[in-house]
Amino acid sequence: MPELKLYGADWCLKSSNLRNYLQSIWVSFEDFNVETDKKAEETIRSLYDGKLKFPTITYGDDFIKNPSIKELDEFLNKHNIKE
C-alpha cells in the first residue's frame, strides 16, 4: 500500500507549513530531508530530470510539487487520504 511522503528541508518554511498542516489534520506521512538524506535527494531528482525541487509530496507514483494547502487537500482527497 502506498504511503504519503513529504520531501523537504528543515530550513524551508513551505516544508514546515505542509508538515504542520498534515500533523494538524492527523494524516500520517513519512518526512524526508532532501539535504541530509541522500536517497531522498535522489528520489526527488529522479522526478524532475536531475533537479532538486521541494517541497514535494508523493503517494505511490503520483506527486505534487510545492502545493498550496488547497492543492494538498485536493491531492489527499484524490487518494482518499483525507475525509
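**Close-up views of the predicted model**

**View 1. The largest nonpolar core.** Of the 13 residues in the largest nonpolar core, the ones that touch the most other members are L4, L22, I57, L72 and F75. A nonpolar core is here a set of buried Ala, Val, Leu, Ile, Met, Phe, Trp, Tyr and Cys residues joined through side-chain atoms within 4.5 Å, where buried means under 20% relative accessible area, exposed over 50% and partly exposed in between, with a 1.4 Å probe and protein chains only. At least two residues of this core come from each of β1, α1, β3 and α3; helices (H or I, at least four residues) and strands (E, at least two) are DSSP runs numbered from the N terminus. The model is predicted, so local features need pLDDT of at least 70 and side-chain atom pairs count only at pLDDT 80 or more, whereas totals for chains, interfaces and linings use all residues. Residues are numbered from 1 along each chain as its sequence is written, and side-chain values use heavy atoms, with hydrogens and water left out.

View 2. When neighbours within four places in sequence are set aside, L22 is in contact (heavy atoms within 4.5 Å) with L4, V27, F29, I57, L72 and L76. Another core, of six residues, lies apart from the largest one and includes F32, A40, I44 and Y48. In soluble globular proteins, nonpolar side chains tend to be buried together.

**View 3. Strand β3 and its two partners.** Strand β3 pairs with β1 in the antiparallel sense over four bridges, and β3 and β4 also pair in the antiparallel sense, over four bridges; two strands are taken to pair if DSSP finds at least two bridges between them. On β3, T56 stands opposite Y7, and T56 also stands opposite K65 of β4. The side chains of T56 and T58 point one way from β3 while those of I57 and Y59 point the other way, and all of these residues are buried. In a regular strand the side chains alternate between the two faces of the sheet. Two residues separate β3 from β4 in a hairpin, and G60 in the turn has a positive phi of about 65°.

**View 4. Salt bridges that join separate elements.** Four salt bridges are found in a search of the whole structure, each being a side-chain nitrogen of Lys or Arg within 4 Å of a carboxyl oxygen of Asp or Glu. In one of them, D31 is joined to R19, with the closest N and O atoms 2.5 Å apart. This pair links distant parts of the chain, since D31 belongs to strand β2 (residues 30–33) and R19 to helix α1 (residues 13–24), twelve residues apart. Of the two partners, D31 is partly exposed at a relative accessible area of 39%, whereas R19 counts as buried at 13% relative accessibility. A further salt bridge is formed by the side chains of D62 and K78 (2.8 Å, N to O). Because D62 lies in strand β4 (residues 62–65) and K78 in helix α3 (residues 69–78), this pair ties together parts that are 16 residues apart in sequence. D62 counts as partly exposed at 22% relative accessibility, and K78 is exposed, with a relative accessible area of 55%.

View 5. K38, E41 and R45 are linked in a network of salt bridges. R45 is partly exposed, at a relative accessible area of 30%, while E41 is buried, at 16%.

**View 6. Aromatic pairs between separate parts of the chain.** Three aromatic pairs are found in a search of the whole structure; rings of Phe, Tyr and Trp (its six-membered ring) pair if their centres lie within 6.5 Å, and planes under 30 degrees apart count as stacked, over 60 as edge-to-face and the rest as tilted. W11 is exposed, with a relative accessible area of 55%. Y48 and F63 also form an edge-to-face aromatic pair, at 5.6 Å centre to centre and 90° between the planes. This pair links distant parts of the chain, with Y48 in the loop between α2 and β3 and F63 in strand β4, 15 residues apart. Y48 counts as buried at 11% relative accessibility, whereas F63 is partly exposed, with a relative accessible area of 32%.
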